[in-house]
Amino acid sequence: NNRRTPVQVPGLTGIVAIAAGRYMSYAVRSNGTVMAWGNNSYGEVGDGTTTRRVSPVAVTGLTNVVEISGGRNHGMALRSNGSVWVWGANDRGQIGNGNTVNQRTAVQVIASGVRHVDAGAEHSIVVMNDGTVRTWGRGYRGQLGLGNTRSRTTPTVVPGLSGIVEVGDGRDQSFAMNAAGQVWAWGYNDTGQLGDGTTTQRNSPVRINGLSGIVAAQGGRGMTIFLPAP
């Protein structure tokens with residue numbers, strides 16, 4: 001049943017982080033395990049099946065998770081050791097393991113050194129501890145920031161970015177922020193969602209003038225929200 005007001009999800013306690021994808025939801029428990037529910041046609045619940053889940057089930061094999069993110073039909077998790085695990089739809093290479101086969105359980109894509117993760121519609125983005133950014137998945141609207149519109153099935157370094165501490169994205173756009181809160185953006189821009197004063201698609205990162213002190217950026221389809229430091 002659709003709900004017009006918030007209802008508590010039964011059976012979930014000790015939750016420290018949440019994320020939502022297209023038709024699925026994730027919750028990280030204080031013990032570092034992940035619960036998921038919702039549509040599961042591509043394995044995006046991560047329990048080893050494609051069975052739709054109307055109540056939370058554990059994402060198989062994930063422990064020590066400190067960050068979670070949901071895309072259109074795939075999930076991403078960052079573990080405390082800096083490794084990245086991804087599961088779900090992989091038709092555009094958004095899992096990042098070198099193929100386009102859907103994954104019903106989480107697979108490790110990067111072994112260590114990751115600071116943050118974020119899932120777009122059909123692409124994925126991470127920032128490394130060394131301040132560089134890597135992307136993979138669908139690139140047809142420049143959302144990978146690699147200077148072209150090709151898709152990638154493995155994590156690839158975005159040229160021209162350094163000193164980055166946070167990343168974000170929307171459906172087909174991506175963002176990176178440094179410690180001063182300066183913002184770089186790239187990808188689809190048909191409604192000005194990059195914030196650069198144009199509607200020009202950007203296949204490589206461009207600095208967004210007039211923005212500083214930004215600590216987060218998240219977008220949807222054709223729009224973006226920038227959050228300044230308090």
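Modeller: Start with Ala217, which is buried, with a relative accessible area of 1%. Keep in mind that this is a predicted model.
Biologist: Where does Ala217 lie?
Modeller: Ala217 is in strand E17, which covers residues 214-219.
Biologist: And which residues does Ala217 touch, leaving out those up to four places away in sequence?
Modeller: Gly168, Asp169, Phe175, Met177, Ile225 and Phe226.
Biologist: What about Pro228, how is that placed relative to Ala217?
Modeller: Pro228 and Ala217 are eleven residues apart along the chain, and their C-alpha atoms are separated by 9.2 Å.
Biologist: OK, zooming out. How many helices and strands are there?
Modeller: The chain has zero helices and 18 strands.
Biologist: What is the radius of gyration, and how does that sit with a compact globule?
Modeller: The chain has 17 Å. A compact globule with 230 residues would come out near 17 Å, so the two agree. Along the principal axes, the C-alpha atoms fill a box of roughly 45 × 40 × 35 Å.
Biologist: How much of the chain is buried?
Modeller: 50% of the 230 residues count as buried. The chain exposes about 10400 Å², with carbon and sulfur atoms supplying 46% of that area.
Biologist: Now the inside. Which residues have the most contacts within the largest nonpolar core?
Modeller: Tyr26, Val34, Leu62, Ile68 and Trp87, in a core of 16 residues. Strands E2 (24-29), E3 (34-38), E5 (65-70) and E7 (84-88) each give two or more residues to this core. The largest share comes from E2, with three residues.
Biologist: How accessible is Asn64?
Modeller: Asn64 has a relative accessible area of 40%, so it counts as partly exposed.
Biologist: Last one. What share of contacts with a separation of 6 or more joins residues 24 or more positions apart?
Modeller: Those account for 45% of such contacts in the chain.

Definitions and conventions:
Residues numbered from 1 in each chain as written. Predicted model: local features only at pLDDT ≥ 70, side-chain atom pairs only at ≥ 80, totals over all residues. Heavy atoms only, no water. Helix = DSSP H or I, 4+ residues; strand = E, 2+ residues; numbered from the N terminus. Rg over C-alpha atoms; globule rule 2.2 N^0.38 Å. Buried < 20%, exposed > 50% of the residue type's maximum accessible area, 1.4 Å probe, protein only. Contact = heavy atoms within 4.5 Å. Areas by Shrake-Rupley, 256 points an atom, 1.4 Å probe, with all protein chains shown as cover. Core = buried A, V, L, I, M, F, W, Y, C linked by side-chain atoms within 4.5 Å.
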